[in-house]
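Hi everyone, thanks for coming along.

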Amino acid sequence: MFTKVDHEYMSLALRLAEQGLYSTSPNPRVGCVLVNNGQIVGQGAHLKAGEPHAEIMALRDAETHFPNLIQGAEAYITLEPCSHFGRTPPCADALIKSGVKRVIAAMQDPNPQVAGNGFARLDAAGIKTEHGLMESQARELNAGFISRMTKNKPFVRIKIAASLDGKTALSNRESKWITSESARKDVQHWRARSCAILTGIGTVLADDPQMSVRNLAHARQPLRVVVDSQLRISPQAKILEGGNTLVAYVKDTENKAEAITNAGGDLINIQSDHGKVCLKQLLSHLAERGINEVMVEAGEVLNGALLALNLVDEFIFYYAPILLGTDARGMFAIPVLQSISERKQLSLIDVRQFGQDIRIRAKPITQP
């Protein structure tokens, strides 16, 4: 049974893990707190792939400030310590060597290379292990890593800015700006935590967006991914500027491949799904590239296709207090429903206000 004090230390470990919100991919976000007899003796977080993990950072902190209190300490970690050699040595071995007596993890590592092996190694060394403390919070923090490890699919989050009557643009596609500056500023944080931004060729041709993170210090730029079945994108498209852009296509109908590559685009030929890019295969490819979280900023066609294939894990709706009318563009292009029983049901996660706009986070309810 975990105590109130256990929860306090794990809460701190989770806050530490959030320091890597924009930078740890493809690795998970992890925090660690070392405690000896009620005193915090070390703390740390994993900040970037290839750099020391949270446990090592916490041990280094303790060695600097309280070297005599590491022996017999308790370690609160947001994820099971790794037990394999990757870019860095196993953290389980470092904890064993340090002399800690107890390891409390929020959750088991979903990585098949670890998945209980870290706990087993610690148990074999006589270190008491427990997990499950604040697990839901830890899973939320690493939803993308968990999805990639267990489903070979990134966590897919669709962002939509709309009027109160559910419209995303006028019939002529004009959409700047439906929502307020405060809502758009919030979007930048969601972009920054994403490993990739996914959009469709319709959005690129209509709006010529950059799909980059703006006005956030130290945020890395996510991979930009364009679904463009017939490779209609212009070599002058802003989304190609600076590279770091993947264009998924089925057929090069206008012989643009070389020009797109020269403009900075990375091309990938994806198998056809009735003449269009197979979205399931594309997401699998992104998972193989180490992409944990994908944020979709697209129009009703791509949104509808992802929804129809049950590939969406979460929605972020920004509603502005305006009305655009019947002829304006909607959120999802899906077949006309014949019965209310065909509706897509959602479960609300969070509702907040940004200026005059309302942000609603929701997730699809899996149908039985």
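Before we start, one definition: two strands count as paired if DSSP finds at least two bridges between them. And please keep in mind that what you see is a predicted model.

Let's begin with strand S3, residues 74-77. Which strands does S3 pair with? On one side of the story there is strand S1, residues 31-36, which runs antiparallel to S3 and is joined to S3 by four bridges. Within that pairing, Cys 32 sits opposite Ile 77 of S3. Then there is strand S4, residues 102-105, which pairs with S3 in the parallel sense, over four bridges. Ile 77 turns up again here, with Ala 105 as its bridge partner in S4.

And the side chains of S3? Glu 74 and Tyr 76 point one way, while Ala 75 and Ile 77 point the other way. Are these four buried or exposed? All of them are buried.

Now to the charges. Side chains of opposite charge can pair when their charged atoms come close. How many salt bridges does the model have? The count comes to 21.

The side chain of Arg 102 forms a salt bridge with Asp 6, at 3.6 Å from N to O. Arg 102 has a relative accessibility of 12%, so it counts as buried. Asp 6, with a relative accessible area of 5%, is buried too.

Arg 102 also meets the side chain of Glu 130 in a salt bridge, at 2.8 Å from N to O. Glu 130 lies in strand S5, residues 128-131, and Arg 102 in strand S4, so this pair ties together parts that are 28 residues apart in sequence. Both Glu 130 and Arg 102 are buried.

Moving on, Glu 297 and Arg 191 form a salt bridge at 2.6 Å, N to O. Glu 297 is in the loop between strand S13 and helix H11, Arg 191 is in helix H7, and they are 106 residues apart. Glu 297 counts as buried because its relative accessibility is 6%, and Arg 191 is buried at 7%.

Last stop: a network of salt bridges links Arg 29, Glu 140, Arg 157, Arg 193, Glu 293, Glu 314 and Arg 361.

Key
Residues are numbered from 1 along each chain as its sequence is written. This is a predicted model: local features need pLDDT of at least 70, side-chain atom pairs count only at pLDDT 80 or more; totals for chains, interfaces and linings use all residues. Side-chain values use heavy atoms; hydrogens and water are left out. Buried means under 20% relative accessible area, exposed over 50%, partly exposed in between (1.4 Å probe, protein chains only). Helices (H or I, at least four residues) and strands (E, at least two) are DSSP runs, numbered from the N terminus. A salt bridge is a side-chain nitrogen of Lys or Arg within 4 Å of a carboxyl oxygen of Asp or Glu.
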